[in-house]
Amino acid sequence: MKFWSFWRSRRQELQDEIQNHLRMAAADRLDRGSSAREAESAARREFGNVGLVMEVTRDQWRWTWLEDLLGDVRYGLRTLRRSPGFTAVVILTLALGIGANSAIFSLIDAALLSRLPVRDADRLVLLEWRAHKELAFESYMAYGECRTGQTSGCSFSAPFFREVKARGEVFSSVAAFAGANRLSMSGNGPASVIDNAEYVSGDFFETLGIQPAAGRLISPEDDTPSSTPVVVLNYDFWQNQFGGLPAAIGKTIFLNKVACTIVGVAEPRFNAPAPGTTIQMWIPLSVQPRLQLPWDNRELDPKSWYLTLVGRLKPGTPLSQAQAVVNTLFHNEVTSGAKPMAKPEDAASLALLPAEEGLTGDRPEIATPFYLLMFAVGVVLLIACANIAGLLLSRATTRTKEMALRATLGASAGRIVRQLLTESLVLSLAGGALGILFASWVVAAIMAFIVQNQDGRVPFIPAINVRVLLFTLGVSILTGILFGLAPALRGIRVNLMPALKEGSGSSAPESGGARRWLAAGNGLVVLQMTLSIVVLAGAGVLVRTLQNLKRVDPGFETRNLLTFRLDPTLLGYSPESADNLYRDLQTRLSSFPGVRSVSYSWTPLLSGWLWTTTFQLPGNPKDKGSDSDMFAAGPDFFQTMGIPLLSGRAFGPRDFEVAQAAAAARAAKQAQAAAELKSGTKSKSPAQPANLPPVPLIVNHAFVQHYFPNQNPLGSAAGGISQRPGEK
Amino acid sequence: MGERYQNRIELLQGTLDLLILQTLLWAPRHGYDISQTIRALSGEVLQVDAGSLYPALHRLEKQKWIASEWKISDNKQRVKVYRLTASGKRRLTEERSRWAQFSLAIAGVLNPARKESAS
C-alpha cells in the first residue's frame, strides 16, 4: 500500500535523523577525549527519551492520529485475542443489552414515534366534537383513528361534511374517510379477504398531500354516485399481492362481487391517516352503498355519524379563526331541526386539533406495554454495562504492570488513555454489531408473536432504520467510552514503582487508590445485583399474573371446544339466506360422529367485540336509559358453551322466529325512514310494529344484581323490546 | 543531574523558532549542527533540548519556512540538512523585529528611571 510505505519511510527518516544526531554528538565527545562507551551514553542522556522525541515530532505531521488509531486498533485486537474468554463474555453481554434495546426501540419507533406522512402536517387539522352529554345519535361509528368517548369523538355525519365543505371557507380543502367492513376480493388469484379498506372522499389524497407511487389517486370525479368504482392500493399491498407490477394499474378486481378498477398506488410511506394501522386499499365513499348492504341510510341521515373529517387550513388562516367558523356550523347542525341532537345546555362544541396530535390511532393502547418493555430492556442494558465495567476494571487491575511499563518507556498519559479507549471501543462496536443482528431476530420474533395474537392484522411494520442504528451506535460508543475511561484513568494514576516491582498479576494493593477502585468494583456488583433483582421480580410477577389469568374461570367450558369464523355476506348472502346457511351448517355438523353440540353466535366469546345497547326499565322515566353489552346467540348456544342457566329456560325455536320477525319489522322501518329522508316528506302512518310479541332475552347474574336486586327478573320487560326467561 | 543544567536558560515560547531560522540564514545545517551552533553562539548558555528541536524543525518545515534534503556529509554520512526558504527569510525578519520590540519593552519596564527623569 502506497499510503503505508509513505508513512513507514517518513518514520524511518525521522529515526535516521535522530540516530545521526546521536552519532555526531558521540563523535564530538570522542574528539574531546571521552571513551567510546562514555561518549555514547552521554550523548543519549543529553538527547533524552528517543521514543518520546520521535512521538512529539511526529505529532507535528498531524494525521498521525490515523496511524496511531490503526496501530491502536491492531494492538487492541491482539490483546483481545490473547484473552478470548473475556472478549467473548463482554461482546455477548453487550450484544444482549444493545440488541434488546434496539429491538424495543425499533418497535416503539414504528408504533409510537412515526410521524404523519403528509405534506405540511401542521396545516392539517382534525375535527373533534365535545359535549357534556352524549348526543342523540341514530348510529355512531368510530374506527379507532382518534380518542373516542361518550361525550367526545371525531366522527361526523355526511350532511355535516357537505356543510363544512360548502361553507367552511377557512379550509382550502376538507376530506372525509371511514373504515370499511371486511370485503371479499376476487379477480386476482384465489379470493381473499380485505380486512382494512377505507372509504375516502374524492379530495382525500389532495387534502393530505399524498403522491401516487404509480398510476393516479382518487379524484373528486371518482366520488359521484354515477362514476365507475375505482380503488387505490397501498404500496406494500401492491408489492405483496400484485408483485409490484405496473400491469396491476388498470386491472379490474371484484370487491364483494362488484367490479372495481385499480387506478393507482399510494406512495410507500403512507399506510393510513392514523398510525398503528395499515390500510390495504382506498375506495371512494360513493362506492360504499354498492359494496355493502345499506343497513342504514348514512349518506343522508344527519344523525348517523361515521365520517372522520380532516381539513387543510388556508395559508394565513389562524387556527382560532377557523375553529370559530366551523364551531358555528356545528352548533347550528346539532341544535336546530325538529328533533335537535343536543340541547343548548349540553354545550356541544367543535375543536380543531392538529391532525398529527388528534389522529392517535392505536397508539395509546399499545403504548403502555411498550413503555414497560422499554423500562425492562433499559435495566437489562444497565446490568450489561455494570457487568462490563466490572470486567474491565478487574482486567485493568491485572494490567497495571503493563501500563506502568508503557509509561516508563515514554508513553504519555494521553497515549495510554487513547490506547485503552480504542480497545474498549473495539469491544463495544463489536458488541453493537452483534447486537444489531440480535435485534433483528428479536423484532422478527416479537412481530411473529403479535401477528399470531392480532387476528390477522399487522398494526405496524417495524424496521431497523437509520434512527435505530444511530441509537445503537450511540449506546455502544457511550458504553465504550465510559467503561474504557475508568480503567484508563486508573492506569495512568497508578504509582509506577510499586506497580513495576510487583510480581506478575496483581497490582499494588497497598495503595489507597487501588482500594478506592476495588470499592468502585464492589459498588458495581451491588448495582448489578439490585437491577437483576428488580428485573427478576418484575418477570416473576408477570409470569404469576399470566398463570393466574390461565386459571381464571371464563364462565364457560373451554375443553373440547372448537371455534371457527365465517362471513357469508362476503359471498353475497343476504341476512336471511345467511341465517339459513347457519342453521343448515348447524344441523349438518351436529350429525358428525363425536360432535356433541353445535351453535353459532355473532362474535366469539371473549373476543373483545360486543355491541352496546341502550334500554329502558319499566317504571323509569323516558329519558333515563341504561347501557348494557349485547351479544347475539344462536340455538343451543348455552348448551354448547356449557354455560349453566340459574333459572328460567334457554332459547327455543319459537324465540328465534319472534326475533326474526322483530328484525324484519325494524328493517322495514329503516327503509321507510330512508325513503322519507330521500323524498324529504314525512309519512303519515308511522310503521309501528303492530302487536309483535316481545323478543326474548337472557341476562347474566351481574345484570340481575344491578338492575333487579332481590327481585325475580323473569318476565320483566325492558325498553321497547321485552325480555323473557333465562338467567345465566 | 540538576547541576549540569543550572546555567541553562529556558527558552521563551516562540524564541526557538527565531533562533533556528537565524542559524540557517547563512548556511544549511543539520539538526545536531543547529543545536551546537546555538549553544556556541550563546556562550554555552542556551542549550536546545532535542525534544524541542526536532518537533520545531518539523513544524517549521510543515509551514514551508525551511526545507530539508538528505545529503552526504563530509565524513560520508547521510544527513538531513535544513535550509531557509524565501518565506522563511521574510518570517525571520518579522520575528527579529518582534524580538527587538519585545526586548525594548522589557528594557523599558526594567529601567523606568530614565524615562521618568526625562519628563
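This is a predicted model: local features need pLDDT of at least 70, side-chain atom pairs count only at pLDDT 80 or more; totals for chains, interfaces and linings use all residues.
Among contacts in chain A between residues at least 6 apart in sequence, what percentage join residues at least 24 apart? The figure is 77%, where two residues count as in contact if their C-beta atoms, placed from the backbone, lie within 7 Å.

Residues are numbered from 1 along each chain as its sequence is written, and chains are lettered from A and ligands numbered from 1 in the order in which they are written.

Staying with chain A, its secondary structure comes to 21 helices and 19 strands, these being DSSP runs numbered from the N terminus, with helices (H or I) of at least four residues and strands (E) of at least two. Of the 728 residues in chain A, 29% are buried, that is, they have 20 or more other C-beta atoms within 10 Å of their own, with C-beta atoms placed from the backbone.

Turning to the contact between the chains, chain A gives 13 residues and chain B gives 14. On the side of chain B that touches chain A, the elements giving two or more residues are α2 (31–41), α3 (50–62) and β3 (78–84), and the largest share, 7 residues, comes from α3(B).

The strand β3(B) also runs antiparallel to β2(B), residues 66–72, through 7 bridges, where strands pair if DSSP finds at least two bridges between them. B:E69 has B:V81 in β3(B) as its bridge partner, and in the turn of this hairpin, which has 5 residues between the strands, B:K76 has a positive phi of about 55°.

Note on methods:
A residue is buried if 20 or more other C-beta atoms lie within 10 Å of its own, exposed if 12 or fewer, and partly exposed in between; C-beta atoms are placed from the backbone.
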